[in-house]
Amino acid sequence: MVGLGFWRTVELQEATMAFDHDRGACVLMLEDYPPGHELWTTYPPPPKRTVPGVVQCYTVAFPQAHTLAIAYTSCIQANVAVPDWLVKLLCVWCFPEMVRRMLKAGGGAAQEGGPHYDLIRNDRTGLYAECERLTATGTAMEQDGNHPTYTSRTMPPPSAVTDRPHGIVAFEATRSAWEKHEKSSAEI
């Protein structure tokens, strides 16, 4: 839920996270359910909250020894036309500043003495352990010469996550095709 002044919104979304330890990548997909989806009847929005549109966000992260390359894309289908100046403001200033602040806060929380440090160090089977394992894989791949050190000028190619026959992208394509098949079968 988001509230800015009198504008109050709510989203219902599906989150999928996958770790590809062979490639040293983490994929995060956030997909909103559109208004009218059957889950909105099960989980209706609170009073005075609106569903502003549908947002789909896809993030791929490649951790290495001293760098973290992140590729992010977002598709927004809004119920109203968003002015170009607002899109530019969000893309040029707001989103980069939000990411800087999130990384700073997350880094501080994970450092020794931070509120999450003990949880991270003691996790052996959960999300923190997977992230540690992925970072170790990315560091080893960088040091072995399998990957260059990623920078803003040398980002990983899209094939790093798209060319695996049983990878997460192939799974998503299969899932989308299946959902379209189910929808067309239901309409018959």
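Visitor: How many salt bridges does the count come to?

Guide: This is a predicted model. A pair counts when a side-chain nitrogen of Lys or Arg lies within 4 Å of a carboxyl oxygen of Asp or Glu. By this rule, the count is four.

Visitor: Which residue meets R101 in a salt bridge?

Guide: R101 is exposed, at 56% relative accessibility. The N to O distance is 2.9 Å, and the partner is E97.

Visitor: How many residues apart in sequence are the parts tied together by R121 and E132?

Guide: R121 and E132 form a salt bridge, with their closest N and O atoms 3.3 Å apart. R121 belongs to helix 3 (residues 117-122) and E132 to helix 4 (residues 127-143), so the pair ties together parts separated in sequence by eleven residues.
R121 is partly exposed at 39%, and E132 is partly exposed at 38%. The separation asked for is eleven residues.

Visitor: Is strand 4 largely enclosed or largely open?

Guide: Strand 4 covers residues 25-32. Six of its eight residues are buried, with buried meaning under 20% relative accessible area. Strand 4 is therefore largely enclosed by the rest of the structure.

Visitor: How many bridges pair strand 4 with strand 5?

Guide: Strand 5 (residues 53-63) runs antiparallel to strand 4. E31 stands opposite Q56 of strand 5. The bridges number six.

Visitor: Which residue in strand 4 stands opposite A18?

Guide: Strand 3 (residues 13-20) and strand 4 are antiparallel, joined by eight bridges. In their hairpin, G24 takes a positive phi near 70 degrees. Opposite A18 stands V27.

How values were computed. Residues numbered from 1 in each chain as written. Predicted model: local features only at pLDDT ≥ 70, side-chain atom pairs only at ≥ 80, totals over all residues. Heavy atoms only, no water. Buried < 20%, exposed > 50% of the residue type's maximum accessible area, 1.4 Å probe, protein only. Helix = DSSP H or I, 4+ residues; strand = E, 2+ residues; numbered from the N terminus. Pairing = 2+ DSSP bridges.
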